[in-house]
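Me: I would like to go through this model with you, contact by contact. Could we begin once it is on screen?
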Amino acid sequence: MKIYLSLCSPTSGRRQTMTEKQVLDVSCELITLMDKVPGRLEITNIRVYFTSSKNADSTIDTADREFQWTITELREVHLRRYNLRRSALEFFLVDQTNYFINFDKEVRKQCTETMYCKQSSCFA
């Protein structure tokens, strides 16, 4: 029987277990049909979190743009192009939702390697 101690992260306010370790934390943009939402993508060994950046001059309500999912919910990760640059990833989940996220080119490569490694270790 395992006992997990849950902690509240002081920066984000979300709960994490002691066994959840941060693997990657990068800045990115969530791309939707009508706007771009700047934020951060945090990948842990159990979950993926997107937290939008709070801009004072932004007219976009970013409260509903924050999400999280477990690695086991991830079905596919596709390399995508955004503004004619190979800098984006699209995440497909088992519940038929998808997220299109744009990165810097170097960061996309690092994020892709991390996601494929985590996804393959979950199903191995």
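Me: To start, which residues does Cys 111 touch, not counting residues up to four places away in sequence?
Reply: Cys 111 touches Leu 24, Leu 41, Ile 43, Leu 89 and Phe 103, where contact means heavy atoms within 4.5 Å. Please note that this is a predicted model, in which local features need pLDDT of at least 70 and side-chain atom pairs count only at pLDDT 80 or more, while totals for chains, interfaces and linings use all residues. Residues are numbered from 1 along each chain as its sequence is written, and side-chain values use heavy atoms, with hydrogens and water left out.

Me: Is Cys 111 buried or exposed?
Reply: Cys 111 counts as buried, at 0% relative accessibility. Buried means under 20% relative accessible area, exposed means over 50%, and partly exposed lies in between (1.4 Å probe, protein chains only).

Me: How many disulfides does the structure hold?
Reply: The structure holds 0 disulfides, a disulfide being a pair of cysteine sulfur atoms within 2.5 Å.

Me: Which residues touch the most other members of the largest nonpolar core?
Reply: They are Leu 41, Phe 91, Ile 101, Phe 103, Cys 111 and Met 115, out of 22 residues in that core. A nonpolar core is a set of buried Ala, Val, Leu, Ile, Met, Phe, Trp, Tyr and Cys residues joined through side-chain atoms within 4.5 Å.

Me: And which elements give two or more residues to this core?
Reply: Those elements are β3 (22–31), β4 (36–44), β5 (47–52), β6 (67–70), β7, β8 and α1 (105–123). The largest share, 4 residues, comes from β3. Helices (H or I, at least four residues) and strands (E, at least two) are DSSP runs, numbered from the N terminus.

Me: Staying with the helix, where is Thr 112 found, and what does it touch?
Reply: Thr 112 is found in helix α1 and counts as buried at 9% relative accessibility. Not counting residues up to four places away in sequence, Thr 112 touches Leu 79 and Leu 89.

Me: Turning to β7 and β8, in which sense do the strands pair?
Reply: Strand β7 (residues 74–82) and strand β8 (residues 85–93) pair in the antiparallel sense over 7 bridges. Two strands pair if DSSP finds at least two bridges between them. The hairpin has 2 residues between the strands, and Asn 83 takes a positive phi near 55 degrees there.

Me: Which residue in β8 is the bridge partner of Glu 76?
Reply: The partner is Phe 92. The side chain of Glu 76 also meets that of Arg 75 in a salt bridge (3.9 Å, N to O). A salt bridge is a side-chain nitrogen of Lys or Arg within 4 Å of a carboxyl oxygen of Asp or Glu.

Me: How many salt bridges does the structure hold?
Reply: There are 4 salt bridges. One of them joins Asp 25 and Arg 40 (3.3 Å, N to O). That pair links distant parts of the chain, with Asp 25 in strand β3 and Arg 40 in strand β4, 15 residues apart.

Me: What does Glu 90 form with Arg 80?
Reply: Glu 90 forms a salt bridge with Arg 80, the closest N and O atoms being 2.7 Å apart. Glu 90 lies in strand β8 and Arg 80 in strand β7, so the pair ties together parts that are 10 residues apart in sequence. Glu 90 is buried, with a relative accessible area of 10%, whereas Arg 80 is partly exposed at 27%.
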